[in-house]
Amino acid sequence: MDDEELLPIGAFARLGRLSVKQVRHYGELGLLAPAWVDEATGYRYYRASQARVALSIGLLRSMDVPLAVIAQVLGGSAEALESVREGLEAELARRRRALASLERVMARGLPSAEVRVVVEPACLAVVVREGASGEADVARATSAGVARLLEYVAARGSSVAGGAGAGAGVGAVAEGVRLVGLFPLDMQEAMDVAVALLVEGAPSGGLPAGGRVEVLAGGAFACATHVGPYDQIGLTVHAVLAWCAERRHAVRGPIREVYVSDPSVTAPEELVTHLMIPLEEEPCW
């Protein structure tokens with residue numbers, strides 16, 4: 001081996017714009033193995049040509065690329081970055097939603113709402129469920145459930161539309177179509193999101209794939225009306241929960257979102273959604 005071609009770890013770290021600790025760590029992971037290790041001293045030596053790999057690792061880490069994916073990229077699989085891009089897009093969308101909610105709070109103050117308690121009868125519904133990988137995935141799962149039910153209605157016609165007893169001045173997202181979103185009271189990392197199509201009687205014939213006919217329980221609900229984008233409904237949920245807590249009302253799930261407006265013809269700031277949170281019979285102590 002030609003010692004003239006080798007650099008000690010400190011000099012190489014400076015060349016690759018990494019710390020010595022990082023060079024050692026990446027070496028242990030197999031991302032940046034030393035060109036030679038002196039068995040007598042344990043000192044590690046590198047070639048100047050390895051600086052390109054070191055700099056590439058630093059570049060990808062600055063983009064929040066996980067080390068496991070960096071290993072794939074260095075191995076020639078640039079397509080591995082697709083999953084990272086999708087993750088960054090999802091995080092950016094979450095940040096944008098958070099920013100929009102923050103701006104609404106800055107403009108209007110902490111959320112408040114006119115809350116009323118109503119007693120609703122049980123009602124029949126065709127229910128579909130979609131898995132959500134977390135709170136940030138709820139909007140996608142809800143949209144998927146709504147799309148499945150609207151396709152079902154389009155295929156079946158008026159025979160499945162027009163359920164009554166939806167609660168709190170129910171409207172319709174499209175003529176004769178009454179949809180209700182059903183969400184856990186506490187968001188989890190993995191959860192099911194349900195969307196219900198209210199019907200007057202059990203539909204004859206087929207159901208949407210994975211769909212079921214269910215009875216939505218009646219009872220007492222704390223209700224409020226949200227006007228604005230769907231992704232800011234959480235602000236109204238906060239207001240209703242605060243109202244319930246002040247009055248020692250014990251709440252339970254699922255939270256219901258009754259969709260009044262048709263989003264295809266209504267501006268996001270004008271969307272009307274009735275929010276309904278079921279109340280326990282006994283007070284919260």
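Predicted model: local features only at pLDDT ≥ 70, side-chain atom pairs only at ≥ 80, totals over all residues.
## The annotated stretch

## A bridge inside helix H5

The salt bridge count comes to 11. One of them pairs Arg85 with Glu89, with 2.6 Å between the closest N and O atoms. Both residues belong to helix H5 (residues 81-108), and they are four residues apart, about one turn of the helix.

As for solvent, Arg85 is partly exposed at 37% relative accessible area, and Glu89 is partly exposed too, at 46%.

## Helix H6 to strand S5

Arg148 and Glu130 also form a salt bridge, at 2.8 Å from N to O. Arg148 is in helix H6 (residues 138-156) while Glu130 is in strand S5 (residues 123-132), so this pair ties together parts 18 residues apart in sequence. Glu130 counts as buried because its relative accessibility is 17%, and the cut-off for buried is under 20%.

## Strand S12 to a loop

Glu280 and Arg252 make another salt bridge, their closest N and O atoms being 3.8 Å apart. Glu280 lies in strand S12 (residues 272-283), and Arg252 lies in the loop between strand S10 (249-251) and strand S11 (255-259), so the pair ties together parts that are 28 residues apart in sequence. Glu280 is partly exposed at 39% relative accessible area, and Arg252 is partly exposed at 28%.

Conventions: Residues numbered from 1 in each chain as written. Heavy atoms only, no water. Salt bridge = Lys/Arg side-chain N within 4 Å of Asp/Glu carboxyl O. Helix = DSSP H or I, 4+ residues; strand = E, 2+ residues; numbered from the N terminus. Buried < 20%, exposed > 50% of the residue type's maximum accessible area, 1.4 Å probe, protein only.
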